[in-house]
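Try each task before reading its solution.

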Amino acid sequence: MWSDGACKGNPGVGGWGVWMRSGGHERELFGGEAMTTNNKMELQAVIEGLTALTQPCEVTLHVDSAYVMNGMKTWVAGWKRNGWKTSAKKPVKNVDLWKALDEQVARHTIHWVWVKGHSGDPGNDRADLLANRGVDSIRAGR
């Protein structure tokens with residue numbers, strides 16, 4: 001699974017995209033919001049992809065967002081331990097999305113893979129195109 005978020009302005013019109021591939025099957029997902037941030041769309045993409053899986057799966061999840069990768073692999077355990085507060089005792093930004101992502105991650109066995117965005121990774125490029133389709137759909141009022 002590859003996921004990506006896009007935002008035209010930050011904040012601004014945003015989109016998320018997910019390309020899923022298993023065996024010979026593929027699935028594309030995308031959507032967006034009229035006023036959002038890039039980080040929110042990066043989180044939403046992963047949430048949507050994992051939510052689309054109807055049963056627990058082993059997932060190799062490719063993301064180009066250090067924010068999402070670091071959040072799930074490093075920060076979330078401390079946030080949960082501290083009542084969803086940062087080490088500076090401030091509320092975690094995007095806490096609703098982090099909680100939703102944490103819930104989805106708990107359903108699956110995730111193998112996290114970070115990829116450099118816009119570097120020619122075919123899956124990341126496809127997820128990026130889908131995220132931009134999400135932006136376009138919002139701009140077109142769909």
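**Exercise 1: aromatic pairs**

A search of the whole structure finds 6 aromatic pairs (rings of Phe, Tyr and Trp, its six-membered ring, with centres within 6.5 Å; planes under 30 degrees apart count as stacked, over 60 as edge-to-face and the rest as tilted). This is a predicted model, where local features need pLDDT of at least 70, side-chain atom pairs count only at pLDDT 80 or more, and totals for chains, interfaces and linings use all residues. Residues are numbered from 1 along each chain as its sequence is written, and side-chain values use heavy atoms, leaving out hydrogens and water.

Step 1. Trp79 is buried at 11% relative accessible area, while Trp75, at 35%, is partly exposed (buried means under 20%, exposed over 50%, partly exposed in between; 1.4 Å probe, protein chains only).

Step 2. Ring pairs link Tyr67, Trp75, Trp79, Trp84 and Trp98 into a cluster.

**Exercise 2: the faces of helix 3**

Task: find which residues of helix 3 are buried.

Step 1. Leu97, Trp98, Leu101, Asp102, Gln104 and Val105 are buried in helix 3.

Step 2. Down the axis of helix 3, these buried residues fall within an arc of 165 degrees (taken from the directions from the helix axis to the C-beta atoms), so they line one face.

Step 3. The face turned away from that buried side carries the exposed residues Asp96, Glu103 and Ala106.

Key:
Helix = DSSP H or I, 4+ residues; strand = E, 2+ residues; numbered from the N terminus.
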